[in-house]
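Okay, thanks everyone. Let me put the structure up and walk you through how the strands pair.

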Amino acid sequence: MSESPQDSLIPYDEIVQDALRAVVGRVLGQVEQGGLPGAHHFYITFKTGAPGVDIPRHLTDRYPDEMTIVIQNRFWDLHVSKSGFEVGLSFNQIGSKLSIPFAAITAFHDPAVDFALHFSAQADDPQPEEIAVAENDPVVRPAEDGSNVVSVDFTRKK
């Protein structure tokens, strides 16, 4: 007779999610200090309505739930803090400043080395929206089997 596992009193899933989001912060901090090395560039997907997200109204109107930005050729004023980052990007030739807390990030991908992190999304998020078209967006290629994709999706038995 097997017993079902007991609900943990330690929030392991939250601890792991925070640790993986810290990876994003550390990588962006290195870019803030020395620029993008080699062919590295990043796709960062985040919840536009999450607490602390500050983006221009025209972007929230177009992406009311989630959007993906690309940090590659033309970005400016990247500033990283313990809780998030700010970056300037251009959308339709309009310069925009975005402020994104790490807690709002749902995915991080560096296609140059096929490295990706996926974070648990909200239960009411069936599909992410289209990628925001910034002037520096390259083409997205799906990861192949055997890649360095790390997917973290915790479900808790109730």
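This is a predicted model: local features need pLDDT of at least 70, side-chain atom pairs count only at pLDDT 80 or more; totals for chains, interfaces and linings use all residues.

Helices (H or I, at least four residues) and strands (E, at least two) are DSSP runs, numbered from the N terminus. Residues count from 1 along each chain as its sequence is written, and side-chain values use heavy atoms, leaving out hydrogens and water.

So, β1, residues 42-47. It pairs with β2 (66-71), antiparallel, over six bridges; T45, for instance, has T68 as its bridge partner there. β1 also runs antiparallel to β6 (105-110), joined by four bridges, with F46 standing opposite I105.

Is β1 buried or exposed? Six of its six residues are buried, meaning under 20% relative accessible area with a 1.4 Å probe, protein chains only. Both faces are covered: F42, I44 and F46 on one side, Y43, T45 and K47 on the other.

Now the other sheet. That one is open, three strands, order β3-β4-β5, with antiparallel pairing. β3 (76-80) and β5 (94-101) are the edges, each pairing on one side only. β4 (84-91) and β5 share eight bridges, and G84 has P101 as its partner in β5. Helix α1 (12-34) packs on this sheet, touching β3 and β4, where contact is heavy atoms within 4.5 Å. Its direction makes about 135 degrees with that of β3, using lines fitted to C-alpha atoms, for helices over the stretch in contact, and N-to-C angles from 0 to 180 degrees.

Terms used:
Two strands pair if DSSP finds at least two bridges between them. Buried means under 20% relative accessible area, exposed over 50%, partly exposed in between (1.4 Å probe, protein chains only).
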